[in-house]
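Subject: Structure handover

Hello,

Here is the structure I promised. Please open it and read my notes beside it.

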Amino acid sequence: MTTSNDIDQTVATIDTARALLKSFGFDAQRHNVRSAVTLLALAGLKPGDHWADSATPRLGVQKIMDWSGAYWAKPYATGSREDFRKKTLRQWVDNGFAILNPDNLNIATNSQLNEYCLSEEAVQAIRSYGTDSFENALVDFLNKASEVVRARAAALHAAMISVDLPDGDEFLLSPAGQNPLLKKMVEEFLPRFAPGAKVLYLGDTRGKHTLFEKEIFEQALGLTFDPHGRMPDLVLHDEVRKWLVLMEAVKSKGPFDDERHRTLRELFATPAAGLVFVNCFENREAMRQWLPELAWETEAWVADEPDHLIHFNGSRLPGPYER
């Protein structure tokens, strides 16, 4: 049975965790209660443990939340995951306090496989918290953290996927999720089926790198929308044929089904161009599981057989459908 002493001890430990985080220089969002229980989870600490016992377990966001509820009387609803990820963990990673997927740079941001752990430099300082050596350990962390962040940034950059755009420019995509397929869509599909088209939008799996030709969308096509909304993965503009080619890299998320097809027809409706929808897959095996969901009046393209299109009904191959 939980006693008042247990509750008092839990509150005191969370308050201490907040003070510890503040000593690392984190702002209010990064040393609030949510961040404090995140620290306790990533340090593998339970009631009765000491800071010297801190470890470096690798936990996903849901496991961090489960740990908080199970051991620190702070349960969080499933809908809180984004707060943990965006308002605590992202900044910790950026500052070298925590590491995202230390052994794998190729996991998409929204993947359930993502795991976090405290950096070795951070946990060394945390273990000394409350002792005379903490100040020196903290200084050592602050000196080394920037080197760790720079090294990891360099490793990530080295792994980036280079995409050759039709105008000769290079665009870099993070090495994760559907991005290898996106590269093939630009470099293999475009010259075959939309030669001369311009890339107006290219979205990154991690959401950090986005090509968005806002001026062309607004001035040439009369389209205004939020590029961070539910956009297709790739948008091409064939000015000669007056086509907008909307393309989806189908891997972990679904294709243009009936609902998405209808929604995007409305979002991209413009008298300046007809719409062509293309579902893209790595191979036929990858396409097979999604076949029942593909909307009529769309195309299917398979990257390992790039010279061919599969046409789902209608009179054009490919081409926009007049409404």
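The largest nonpolar core has 38 residues, and Phe 24, Leu 39, Trp 92 and Phe 97 touch the most other members. A nonpolar core is a set of buried Ala, Val, Leu, Ile, Met, Phe, Trp, Tyr and Cys residues joined through side-chain atoms within 4.5 Å. Buried means under 20% relative accessible area, with a 1.4 Å probe and protein chains only. α2 (33-42) is among the elements that give two or more residues to this core. α2 gives the most, with six residues. Helices here are DSSP runs (H or I, at least four residues), numbered from the N terminus.

This is a predicted model: local features need pLDDT of at least 70, side-chain atom pairs count only at pLDDT 80 or more, and totals for chains, interfaces and linings use all residues. Residues are numbered from 1 along each chain as its sequence is written, and side-chain values use heavy atoms, leaving out hydrogens and water.

Now the rings. There are 18 aromatic pairs (Phe, Tyr or six-membered Trp rings with centres within 6.5 Å). Phe 26 lies in the loop between α1 and α2 and Trp 92 in helix α4, so the pair ties together parts 66 residues apart in sequence. Phe 26 counts as buried at 9% relative accessibility. Trp 92 counts as buried at 0%.

Best wishes

Conventions. Buried means under 20% relative accessible area, exposed over 50%, partly exposed in between (1.4 Å probe, protein chains only). Rings of Phe, Tyr and Trp (its six-membered ring) pair if their centres lie within 6.5 Å; planes under 30 degrees apart count as stacked, over 60 as edge-to-face and the rest as tilted.
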